[in-house]
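Please look at the sequence and the model before turning to the notes below.

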Amino acid sequence: MAFQLNPQIIKDTLSKATQELPPLPNVLVKILQLTESSNSGTVGEIEQLIRSDQAISSKLLRVVNSAYFGLSGQVASVNQAVVMLGYQQVRNLVLSVTMISSFSAVGTQAKDAQMRCWEMAFATASAAQWIARKKRFDAKEVELAFVGGLLQNIGCLFMLSQLSRSYLSVLEEAENSQSRIFDVENLRLQTNHAEVGFDLMVKWKLPENLCLLVKRHEDSFDGDPIDSLYAVHVGERIAELLVHGKEVSFEALELSEQVVNWLGFTEEQLQELYENAKIKVDAAMELIGSLKD
């Protein structure tokens, strides 16, 4: 029998924990402001900000030189990282470093689940980015799709850190019943990782376009298409199959007709997307280690 959950206690606990969140590091806030504005800061300004936080700058260089980015040993300074990867990509990496450092699970089971959540996050981000490039998004939208994919399940990580026993029971039920985590969350918790993640993003005053992707990536999408949102939605469905070792097909993805029509991929392109995401996830395990150490 499933572990009994009290939805009201769950909501009260999450609300209290959200209100008590520490602010984002000042370095990240300023980088977000610089890279979101129409008058983006200079390489020197961004480099100076990152270098002012030794922990972030050290992790940034380790991440950039990981197999995930295919630049092993080529990037020796923060300045070089900004020049080679651009403002938006560096912003995404600094955001990733901060998010991973923000939540820590307690206990072997919770830590294992946390690693699976990050595997899912990088799979989603990689797939969303690949879709964005194939659909010829502009450069800023490509990076938005990537970071939206990376943060779409930040609510899962938060719940694991705050409600380990309760949330582990949700993950276990989803796995045993072959159900989507989102559906079990709604059933057992009367909330879900999209809602919880959105609350975190708003509390941290992150950019509205990122908040939208986190809040609505599980939508039924009845309105006009939002390209970056659709990319993250499809990316997450690809990631779910990938992480569970399932074969990819349009039937397995369970996408709405509207999303399938927007995507416009052939079966061959879908398979190519899946294989690319798999390669990226394999490389991401080194990257995750770099961020957590």
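**Charges and overall form**

The model is a predicted one. Its secondary structure consists of 16 helices and zero strands. The points below are grouped by topic.

**Size and packing**

- The C-alpha trace of the chain spans about 55 × 45 × 35 Å along its principal axes.
- A compact globule of 293 residues would have a radius of gyration near 19 Å; the chain has 18 Å, and therefore agrees with that expectation.
- Of the 293 residues in the chain, 53% are buried.
- Among contacts with a separation of 6 or more, 68% are between residues 24 or more positions apart in the chain.
- The accessible surface of the chain is about 13,500 Å², and carbon and sulfur atoms account for 48% of that surface.

**Cysteines**

- A disulfide is a covalent bond between the sulfur atoms of two cysteines.
- How many disulfides does a search of the whole structure find? The search finds zero.
- Cys117 is buried, since its relative accessible area is 7%.
- Cys211 is likewise counted as buried, at 7% relative accessibility.

- Val170 belongs to helix α9, which comprises residues 164–177.
- Is Val170 buried or exposed? With a relative accessible area of 1%, Val170 is buried.
- Which residues does Val170 contact, apart from its neighbours within four places in sequence? They are Leu5, Val184, Glu185, Arg188 and Leu189.
- One of these contacts, Glu185, is 15 residues from Val170 along the chain, and the C-alpha atoms of the two are separated by 6.4 Å.

**Arg116 in helix α6**

- Helix α6 covers residues 108–134 and includes Arg116.
- Arg116 counts as partly exposed because its relative accessibility is 42%.
- Arg116 and Lys203 are 87 residues apart along the chain, and their C-alpha atoms are separated by 25 Å.

**Loop residues with a positive phi**

- Most residues other than glycine have a negative phi, and most peptide bonds are trans.
- Arg136 is not a glycine, yet its phi is positive, at about 60 degrees.
- Where is Arg136 placed? Arg136 sits in the loop between α6 and α7, the latter covering residues 139–151.
- Arg136 is exposed, as its relative accessible area is 76%.
- Gln190 also has a positive phi without being a glycine, with a value of about 55 degrees.
- The loop that holds Gln190 runs between α10 (181–189) and α11 (193–203).
- Gln190 counts as partly exposed, at 47% relative accessibility.

How values were computed
Residues are numbered from 1 along each chain as its sequence is written. This is a predicted model: local features need pLDDT of at least 70, side-chain atom pairs count only at pLDDT 80 or more; totals for chains, interfaces and linings use all residues. Side-chain values use heavy atoms; hydrogens and water are left out. Helices (H or I, at least four residues) and strands (E, at least two) are DSSP runs, numbered from the N terminus. The radius of gyration is taken over C-alpha atoms; the globule rule is 2.2 Å times the number of residues to the power 0.38. Buried means under 20% relative accessible area, exposed over 50%, partly exposed in between (1.4 Å probe, protein chains only). Contact means heavy atoms within 4.5 Å. Accessible areas come from the Shrake-Rupley method with a 1.4 Å probe; for residues, only the protein chains shown count as cover. A disulfide is a pair of cysteine sulfur atoms within 2.5 Å.
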